[in-house]
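Here's a quick tour for anyone opening this one for the first time. Have a look at the structure below, then follow the notes topic by topic.

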Amino acid sequence: MFTTQSSSKLALIEVFFCVLLLFLTAQMSIPLQPVPITLQSLGVMLIGLKFNCRTAFFSVLTYLSLGAAGLPVFADFLGGYHTFLRPTGGYLVGFLAAVIVMSKVNESLNSKYESLICNSLNCLAGTAVIFICGVSWLVIHVGLKQAIMVGMLPFIFPGLVKVFLLVAALRYLRNDKI
């Protein structure tokens with residue numbers, strides 16, 4: 001019984017710190033319109049790489065639920081369910097889909113292949129999921145061509161930089177050679 005209580009407490013602590021990470025990275029942004037560039041996707045990728053599917057899912061779901069309930073946890077300290085109706089709503093939902101995909105990939109690889117290439121490809125898969133969800137929703141607001149122009153193209157290079165920095169930092173922290 002002690003083990004179950006300890007693991008439950010650990011899971012809650014992990015979820016808390018993941019939610020805090022998402023909140024903090026959401027506030028680090030470059031205010032582009034209609035979608036700002038934030039470090040949130042970096043937080044999402046870290047969660048997707050480092051936590052099991054259950055923890056990753058509940059972390060992002062808790063974050064999104066807190067925002068939907070009105071807490072100002074989203075970029076620019078926004079909150080409320082109406083935030084999901086804005087042009088950025090698809091990206092927020094994409095965060096949840098991305099951690100599911102990334103943690104499922106990790107589980108299928110059974111953490112045997114935590115190489116630079118595997119982690120990079122996993123982050124790129126998560127980023128692609130975020131783009132698909134985000135641009136799909138943004139199309140409703142601005143049309144397909146404009147959604148690609150303002151909702152994907154400006155994010156490709158920063159997204160690649162985030163993937164590189166995250167994977168390199170994780171490798172460095174594990175004292176592996178890049």
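Helix H5 has a buried side made up of Asn119, Ser120, Asn122, Cys123, Gly126, Thr127, Val129, Ile130, Phe131, Gly134, Val135 and Leu138. Buried here means under 20% relative accessible area, with exposed over 50% and partly exposed in between (1.4 Å probe, protein chains only). Keep in mind that this is a predicted model, where local features need pLDDT of at least 70 and side-chain atom pairs count only at pLDDT 80 or more, while totals for chains, interfaces and linings use all residues. Residues are numbered from 1 along each chain as its sequence is written, and side-chain values use heavy atoms, with hydrogens and water left out.

- Helices (H or I, at least four residues) and strands (E, at least two) are DSSP runs, numbered from the N terminus.
- The cover over the buried residues of H5 includes helix H2 (40-50), H4, helix H6 (144-151) and helix H7 (153-173).
- H5 covers residues 116-142, and its 27 residues should span 39 Å at 1.5 Å a residue; the end C-alpha atoms are 37 Å apart, which agrees. The expected span is 1.5 Å times one less than the number of residues.
- Thr127 sits in H5 and is buried, at 12% relative accessible area.
- Leaving aside residues up to four places away in sequence, Thr127 touches Met45 and Val163, where contact means heavy atoms within 4.5 Å.
- Just after H5 comes Gly143, with a positive phi of about 90 degrees.

**Asn106 and its polar partners**
- Asn106 belongs to helix H4 (residues 89-109) and is buried, with a relative accessible area of 15%.
- Its side chain makes a polar contact with the side chain of Asn122, at 2.9 Å. A polar contact is a pair of N or O atoms within 3.5 Å; within protein, one must be able to donate a hydrogen and the other to accept it, and residues adjacent in sequence count only if both atoms are side-chain atoms.
- A polar atom of the Asn106 side chain also lies 2.9 Å from the backbone oxygen of Leu49.

**Helix H7**
- H7 has 21 residues and reaches 31 Å from its first C-alpha to its last, close to the 30 Å expected at 1.5 Å a residue.
- Among the buried residues of H7 are Phe155, Lys162, Val163 and Arg171.
- The buried residues of H7 pack against E2, H2, H5 and H6.

**Cysteines**
- How many disulfides does a search of the whole structure find? It finds zero, a disulfide being a pair of cysteine sulfur atoms within 2.5 Å.
- Cys18 is buried at 3%, and its sulfur is 13 Å from the closest cysteine sulfur, in Cys53, so that is too far for a bond.
- Cys123 is buried too, at 0% relative accessibility; the closest cysteine sulfur to its own is in Cys118, 11 Å away and too far for a bond.

**Positive phi in a loop**
- Most residues other than glycine have a negative phi.
- Asp76, in the loop between helix H3 (53-68) and H4, has a positive phi of about 60 degrees although it is not a glycine. Asp76 is partly exposed, at 46%.
- Phe77 is placed in the loop between H3 and H4 and has a positive phi of about 60 degrees, though it is not a glycine. Phe77 is exposed, at 52%.
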